[in-house]
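Please read this note with the sequence and the three-dimensional view open beside you. The points are numbered so that each can be checked in turn.

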Amino acid sequence: MASDFISKTKRSHSCGALRASHIGEQVVLFGWVHNRRDHGGLIFIDLRDREGLTQIVFDPAVSREAHATAEALRAEWVFGIRGKVRSRGLQFSKKENKEVPATNPNLATGEIEVEVTEIQVFNKAETPPFEVSDHIDVSEERRLAFRYLDLRRPALQKVIMTRSKMNAATRSYFVDNGFLELETPFMGRYTPGGARNFLVPSRLNPGKFYALAESPQLYKQLFMVAGFDRYFQIVKCFRDEDLRLDRQPEFTQIDVEMSFVAQEDVFGIIEGLLKRLWKEVHGLDVPTPFKRLDFDESMRRYGNDKPDTRFGMEHTVLNGLIEKFGVEGGVAPMWETVQQKGLIKALVVSPVADGQHDPGVVKAKEEAFRRANPNPTAKVPPPPKELSRKEIEELEQYVMGMGAKGLARAKLAENGDWTQAPLFKNAKPELKAAILEATGAKPGDLILFQFGPEPKVHTIMANLRVHLAKKLWLIPEFGAGGKWNFLWVVNPPLFEYDEESKTWAAAHHAFTRPMDECLKYLDGPEQDLSKVYCYRYDVVLNGFEIGGGSIRLHDPAVQAKVFKAMGITEEDARSKFGFLLDALKFGAPPHGGIALGMDRLSFLITETESLRDVIPFPKTQKGTDLMTGAPGDVDEKQLRELYVKSAPPAK
RNA sequence: GGGGGGUUAGUUCAGCUGGUUAGAACGCCGGCCUGUCACGCCGGAGGUCAGGGGUUCAAGUCCCCUACCCCUCGCCA
């Protein structure tokens, strides 16, 4: 009986533990059939648990009974064995024409095997819908539907276990630094603004709803008011917004708040944490402090506030130049953009020199080619130096998908002519020369242009820049490529002008502290909301925002001015955040904090493709769970109990 | 809400300009095999071509609608 074996027999080792030093020992292993190789006489099985694989051998000369049982074993059956560790012995090598040790260098336990004397099958398994193996290709859809099988795959297990290690390291780091791990409610009051909330109807309060917390933001500030001084929490947050490869509706933050600190104190703590995590996971020493980049400069050079600084191709703003030449410059659409207070940006794509490609990408493409072309004399195509005309046309389709009207470009011939550049047909030679000067473009280069409304141009050019870097193998499709470029993006403006409503709105949450030297622009004779910068910061890694925070406004007087500037009446403010405003009146310490995206951190540190690879049970892009079928129907009675009526749109 | 890509055997894919019996690899089943390790060899089974509608003598292939998956803009810190 299975239970007998378990109750009488203790597991002695994991499947990743045994080494040559164990040879001769009696051991007991439990695990799953990972792979079987039946030679008729001998049967080899790779036994798998979360720690690794161990080859076990069934030899009829050792145990006829165990061998007979092993003949029936199939993939993913669960069983336990008792046996003796032995050396793998010798194997004839044709290459070396002699006997060599039969070790498997691919396995940590490759020096040994276990000769089975007793076996107990705990459970059979149906043939799984896909192999539990790292080397096979299965659609993510299938994998999500059978997530518990997918989670058996060693590569995915490793990622999930790394995440567990990160959680432990994070807790110990913060505790070591005097932080308290404090909990906050998930179910709170709905407050407008920011992300859309998931709502939970209240049965005890007909017609009322809780909102699931999009973050513990307000609560953690209350912890500071309450005097806890240093808070952290590894906490789930909920946002009912569209998903992306780096966005899930429920996700985990490392949430932090500190009293009596300035911006640099927060940076120091977070740099220390990230240093610790990279040391723990990769054994790497991440250099600190991280680089600091002004928000405005980031927008100018990269078009977004989370630049990937692993490669160049920075943007050049041409507004000044076009304005100087005026309509006589000969590029009417750009001149019009200047008139309409739009933005004109250029980006230079130079031929990629040998050795500038990402070595990982080169290697991966080579291997893929070798797999597809087994003939060893087949010549591997070289890495791309530049874009073909067809690829440039594809780029145009790509940017038009983001709402661009087209992709203006100029290919610089060796003789200095501008080709493929109808837009510059009538451009003054002096203007062209000035563009070359500003962008640094040389013969052989390709210059790409966007002009139009500022936010759109930024977005398109930012995405185009990354797209090109991947296309030209400057960075891998995913993963770090050996470069971990951490960066703080700092000093953003506090307000954002909203074209639609013609008002200034908070670009961040309403409790971000303006810089002292900007206070005079909040109101009075010098008022100019575009000049109000604030203590707000994002920490960025290789083009992903991994966290963001701010120093908070703890002074009710300044708070009142900010609300007024945003057109929020005292009444409004009271109804939205009355409890926090009250709290600030009772002696709030200066405080500030940050929240790091734990999922993003995990997926970057493990160099996986998507957040779904570091979340054990993730949602699809439509927010569904392919395994459980959530979200699902509920019956009328349940809805009635909650005083809720459901009215989905007719098909 | 918009743009792009996809859905063919259990899995990953091929299937040309519409043409008569829809293929491959892996997996699965059976047989053989005492040193394999993504074992090997021989044989076999396995298909609602996502669903619905249309065009046609004829549809996996062309057209329309729907569903689902992925990337992305908007949205989202």
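Predicted model: local features only at pLDDT ≥ 70, side-chain atom pairs only at ≥ 80, totals over all residues.

Which element gives the largest share of the lining of the second largest pocket?

1. Residues are numbered from 1 along each chain as its sequence is written, chains are lettered from A and ligands numbered from 1 in the order in which they are written, and side-chain values use heavy atoms, with hydrogens and water left out.

2. Chain A has a mean pLDDT (the predictor's confidence in each residue, from 0 to 100) of 92, and 97% of its residues reach 70 or more. For the complex, the predictor gives an ipTM of 0.94 and a pTM of 0.94.

3. Chain A is divided into domain 1 (2-127), domain 2 (140-288 + 537-550 + 589-651), domain 3 (311-482) and domain 4 (492-534 + 555-576), with bounds that come from an automatic or database domain assignment. Between the C-alpha centres of domain 1 and domain 4 there are 68 Å.

4. RNA strand B is surrounded by 50 residues, of which Asn35, Arg88, Gln91, His135 and His508 are the closest; a residue counts as near when one of its heavy atoms lies within 4 Å of the strand. By class, this surface has 10 nonpolar, 18 polar and 22 charged residues, where Ala, Val, Leu, Ile, Met, Phe, Trp, Tyr, Cys and Pro count as nonpolar, Asp, Glu, Lys and Arg as charged, and the others, Gly among them, as polar.

5. On a 1 Å grid over the protein atoms alone, a pocket is an open set of points where a 1.4 Å probe fits, with protein on both sides within 12 Å along at least five of seven lines, and lining residues have an atom within 4 Å of a point. Its lining has 22 residues, and Asp137, Arg143, Arg153, Phe478 and Glu609 lie nearest the centre. Helix H5 gives the largest share of this lining, 3 residues; helices here are DSSP runs (H or I, at least four residues), as are strands (E, at least two), numbered from the N terminus. The lining divides into 7 nonpolar, 4 polar and 11 charged residues. Why does the pocket lie between domain 2 and domain 3? It does so because both domains give residues to the lining.

6. Some backbone details deserve a look. Thr288 and Pro289 are joined by a cis peptide bond with omega of about -5°, and Pro289 is found in the loop between helix H7 (263-282) and strand S14 (291-294). The bond from Ala630 to Pro631 is also cis, with omega near -5°, and Pro631 lies in the loop between helix H17 (598-605) and helix H18 (636-641).
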